[in-house]
Amino acid sequence: MTLESDLLNIAPMDYYTLVKTLHILSSTILFGTGIGIAFFMFQSWISDNTHEKLYAVKNTVLADYLFTFPAVIIQPLSGMALIHMVGFDWSAYWLMATYIIYFMAGLCWLPVVWIQVQLKKMCIEASKSGAELPERYNTLFKIWFLLGWPAFVGLIAVFYLMVAKPT
């Protein structure tokens, strides 16, 4: 028997386990990457070293593209597959709340990505020229930080809804 034939003969429950594992892993990546990014960005913000700020923001942008973005896509796809497989009512209270919270977290995340790119550009320019970072850097960083809170709290709420499934 080959690996290919083994994969084709997976029982439906095994597909469920595979999709659920993917869903849990992507939620862990989404949440963990968010916390890690926030920690390193905040640490760089309190530093006076422009090179530290640049290092943090360059890796933040990279981590968002490599980890956060795929997880943001996988989450709803695997979630829809799980809803279908288990036969949950798509309009159940806990699922409706999850859709709304996830969408709102996404609305916070989109400008955060744009802000990160702007912060990166400012750090690159300041590093090249040796100039101080403009005040706009601090303003955008504060907006970035504030937008992270609703997304962070929202994901905690989504975790609760996924576990408790309140009616």
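**View 1. Lys165, in the segment after α5 (135-164)****.** Helices here are DSSP runs of H or I with at least four residues, numbered from the N terminus. The model is predicted, so local features need pLDDT of at least 70 and side-chain atom pairs count only at pLDDT 80 or more, while totals for chains, interfaces and linings use all residues. Residues are numbered from 1 along each chain as its sequence is written, and side-chain values use heavy atoms, with hydrogens and water left out. Just after α5, Lys165 takes a positive phi of about 45°, although Lys165 is not a glycine. Most residues other than glycine have a negative phi. Lys165 counts as partly exposed because its relative accessibility is 32%; that class sits between buried, under 20% relative accessible area, and exposed, over 50% (1.4 Å probe, protein chains only). From Lys165 to Ala63 is 102 residues in sequence and 31 Å in space, C-alpha to C-alpha.

**View 2. Helix α5, its span and its buried residues****.** The end C-alpha atoms of α5 lie 44 Å apart, which agrees with the 44 Å its 30 residues should span at 1.5 Å a residue. The expected span is 1.5 Å times one less than the number of residues. On the buried side of the tally, α5 has Tyr137, Leu140, Phe141, Trp144, Ala151, Gly154, Leu155, Val158 and Leu161.

View 3. At the start of α3, a side-chain oxygen of Asn49 comes to within 2.7 Å of the backbone nitrogen of His51. After α3 comes Gly87, with a positive phi near 85°.

**View 4. A nonpolar surface patch of about 1100 Å²****.** Patch residues have over 30% relative accessible area and no salt bridge, and nonpolar side chains (Val, Leu, Ile, Met, Phe, Trp, Tyr) are joined within 5 Å. A salt bridge is a side-chain nitrogen of Lys or Arg within 4 Å of a carboxyl oxygen of Asp or Glu. Accessible areas come from the Shrake-Rupley method with a 1.4 Å probe. Both α3 and α4 (93-129) supply at least two residues each, and the largest share, 6 residues, comes from α4. Leu107 sits in α4 and is partly exposed, at 47% relative accessibility.

Definitions and conventions:
A polar contact is a pair of N or O atoms within 3.5 Å; within protein, one must be able to donate a hydrogen and the other to accept it, and residues adjacent in sequence count only if both atoms are side-chain atoms. Patches are made of residues with over 30% relative accessible area and no salt bridge: like charges are joined within 9 Å, nonpolar side chains (Val, Leu, Ile, Met, Phe, Trp, Tyr) within 5 Å.
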